[in-house]
Amino acid sequence: MSKYQVTKTIQEINTRIKQGKAVVMTAEEMIPLVKKKGPVAAAKKVDVVTTGTFSPMCSSGAFLNFGQSVPTIKASRVWLNGVPAYAGLAAVDIYVGATEPAEDDPLNKVYPGEFRYGGGHVIQDLVAGQKVQLRAQAYGTDCYPSRKLEKEVTLRDLPNAILVSPRNCYQNYNCAINLSNRTIYTYMGTLRARAGNANYATSGQLSPLMNDPYYKTIGLGTRIFLGGAQGYIIGPGTQHNPDVSRTPGGVPKKAAGTLMVMGDLKEMIPRWLVGVSIQGYGCSLAVGIGVPIPILNEEIANYTGVSDEEIFTQVVDYGYDYPNGVTKTYGEVSYAQLKSDSIVVNGKEVPAAPLSSYSRAKEIAETLKRWIAEEKFLLGEPQSPIPGVHGK
Amino acid sequence: MYSRMLVLRFPQDIVDRPIVCNLVREFDLSFNILKATILPGQDGLMIMELSGHRKNFNRGIKFLEECGVKIKTIGQDINRNMDKCLQCGACTAVCPTGALYIRRPEMEVCFEPEKCSGCELCVAACPVRAMEVHLRNASGF
């Protein structure tokens, strides 16, 4: 006998989606249902819970194939709008990474640098249909004699353009403060001296991996909302680390799981892939991701009922501790506290600011919900799981 | 008590005259200068919060205009490009006056131009450069 009172399979849920009968809720809508009716009733009622996050995700990038020209070329160095791309692949394959700044960027020479244009912006411009200047150098071979190439390309011209990001969708992240005596400029935004502000970076109760904390429903092959189109989870991301301390509800209390994702750039829309310039730090790409969580049983329903009050993260000093590899927490705060305007650190009230857009995360969860309701989106069956907590 | 954040532009022919001090002396107003670029022979720019009795405030403004000062409320020179804004909230961490703030529980990023002091900290802190500030004086620095 099953240990669950409710059991469903992904195939059964997909059948219900195709029949237009599936009940879909956003992770926000699921909270009061689970709290009021309990996980069993919620699991009976709901088939899929949609999540969302929209935030700068530095480990993002795209593989591009720019097609051969005559005479043929084996490009060894390539720039897109002046941004270097990795060309150590086959003849006309490159990878453009989100944080690569334009080669002539003054970086932090004029501190704090502005980092106006980088790989993330190239990706956004391509997705927006704009022309991008491609420049390539080569050493010349018998089969690929050309030594240089310069041409304008658009996303439509490129034979292939695939977003492949080695680490997106971090399951929880630090709340950053700065205990030094000067303002610092970090990937967690501008941090004013003496804990002048606290910045945090996930969408909390709406965030994909907060709603499936042990990665029980997702894996390689899970279909997701990625950059405004349908993409896939292709495995755990780099730095995936499930073995961290967790709440009784299973949610990690610090950065934990990550996802590697891919999708066809040609189907994506610029609203959900936006190049960003982080003052004093560098360029990046804000990526919109939404993961549908199939409610396979009451345990999963219970996970998706998690609210900001039950999700915690650690307050970390970026003034001294983080750059020196010191692991120290200045307190544990809930996302409800972070979203309430301010937190208390060392007895002092510190205003909290998000770097991740909650309202846009909600829009992603709602879009995914609509896609499923309109039968445009079927759940992908995971072929290989994301590694969970060791020994579980 | 009436209070407004103002952008004053001084044409170059009046920058050598004492003007704003008269707001205190003649009109019983108080001000807080947040930014001033006044150099000889060039158009000048000043951002100030001007406060006092409503009637005196209006008389003070009239006096400034009669002196040749061009006056705008600060909101007219600052714009949030809503096509670019990601609604993230990074700007709210650096805004010293609370002009940029988050409306809860929707977590919508809001901008109240009347509260803005024109410090421009948000301009570079915004990851997509959605804040557009035009607080430059005519000579362009």
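This note goes through the two chains of a predicted model, point by point.

1. **Basis.** The model is predicted: local features need pLDDT of at least 70, side-chain atom pairs count only at pLDDT 80 or more, and totals for chains, interfaces and linings use all residues. Residues are numbered from 1 along each chain as its sequence is written, while chains are lettered from A and ligands numbered from 1 in the order in which they are written.

2. **Chain B, overall.** Chain B carries 3 helices and 8 strands. Helices here are DSSP runs of H or I with at least four residues, strands are runs of E with at least two, and both are numbered from the N terminus. Read from the N terminus, the order is β-α-β-β-α-β-β-β-β-α-β. The C-alpha trace spans about 45 × 35 × 20 Å along its principal axes. Of its 141 residues, 34% count as buried. Buried means 20 or more other C-beta atoms within 10 Å of the residue's own; exposed means 12 or fewer; partly exposed lies in between, with C-beta atoms placed from the backbone. Among contacts in chain B between residues at least 6 apart in sequence, 66% join residues at least 24 apart. A contact requires C-beta atoms, placed from the backbone, within 7 Å.

3. **Domains of chain B.** The assignment gives domain 1 (2-74) and domain 2 (76-133). Such bounds come from an automatic or database domain assignment. The domain centres, taken over C-alpha atoms, are 26 Å apart. Across the boundary, 8 residues of domain 1 are in contact with 9 residues of domain 2. On the domain 1 side, β1 (2-10), β2 (30-37) and β4 (70-73) of chain B each supply at least two residues. That side divides into 5 nonpolar, 1 polar and 2 charged residues. In this scheme Ala, Val, Leu, Ile, Met, Phe, Trp, Tyr, Cys and Pro are nonpolar, Asp, Glu, Lys and Arg are charged, and the others, Gly among them, are polar.

4. **Interface between the chains.** Here 17 residues of chain B are in contact with 21 residues of chain A. The chain B side holds 10 nonpolar, 3 polar and 4 charged residues.

5. **Nonpolar core.** The largest core has 155 residues. A core is a set of buried Ala, Val, Leu, Ile, Met, Phe, Trp, Tyr and Cys residues joined through C-beta atoms within 7 Å. A:V48, A:V96, A:I123, A:A198, A:I295, B:C91 and B:C122 touch the most other members. Both domain 1 (2-74) and domain 2 (76-133) of chain B give this core at least three residues. Leaving aside neighbours within four places in sequence, A:I123 is in contact with A:A62, A:V96, A:A98, A:L273, A:G275 and A:L285.

6. **Four-stranded sheet, chain A.** This open sheet runs β6-β5-β8-β9, with antiparallel pairing. Strands pair if DSSP finds at least two bridges between them. β6 (83-85) and β9 (148-153) stand at the edges; each has a single partner strand, so one side of each is left without a neighbour in the sheet. Neighbouring strands are turned by 25° against each other on average, direction ignored. Strand β8 (residues 132-137) is joined to β9(A) by 6 bridges. In β9(A), A:E152 is the bridge partner of A:Q133. Helix α3 (residues 119-127) lies across β5, β6 and β8 of chain A, at about 125° to β8(A). Axes are lines fitted to C-alpha atoms, for helices over the stretch in contact, and angles run from 0 to 180 degrees between N-to-C directions.

7. **Three-stranded sheet, chain A.** The order is β1-β2-β21, open, with mixed pairing. The twist averages 25° from one strand to the next. Strand β2 (residues 48-50) runs antiparallel to β21(A), with 3 bridges. Helix α2 (residues 27-45) packs on the sheet, touching β1 and β2 of chain A; its direction makes about 100° with that of β1(A).

8. **Backbone points to check.** A cis peptide bond joins A:V70 and A:P71, with omega about -5°. A:P71 lies in the loop between β4 (61-65) and β5 (77-80) of chain A. Another cis peptide bond joins B:R104 and B:P105, with omega about 5°. A:D341 is not a glycine, yet its phi is positive, near 115°. A:D341 is partly exposed, with 14 other C-beta atoms within 10 Å. A:E375, also not a glycine, has a positive phi of about 60°. A:E375 counts as exposed, with 12 C-beta neighbours inside 10 Å.

Methods. Contact = placed C-beta atoms within 7 Å.
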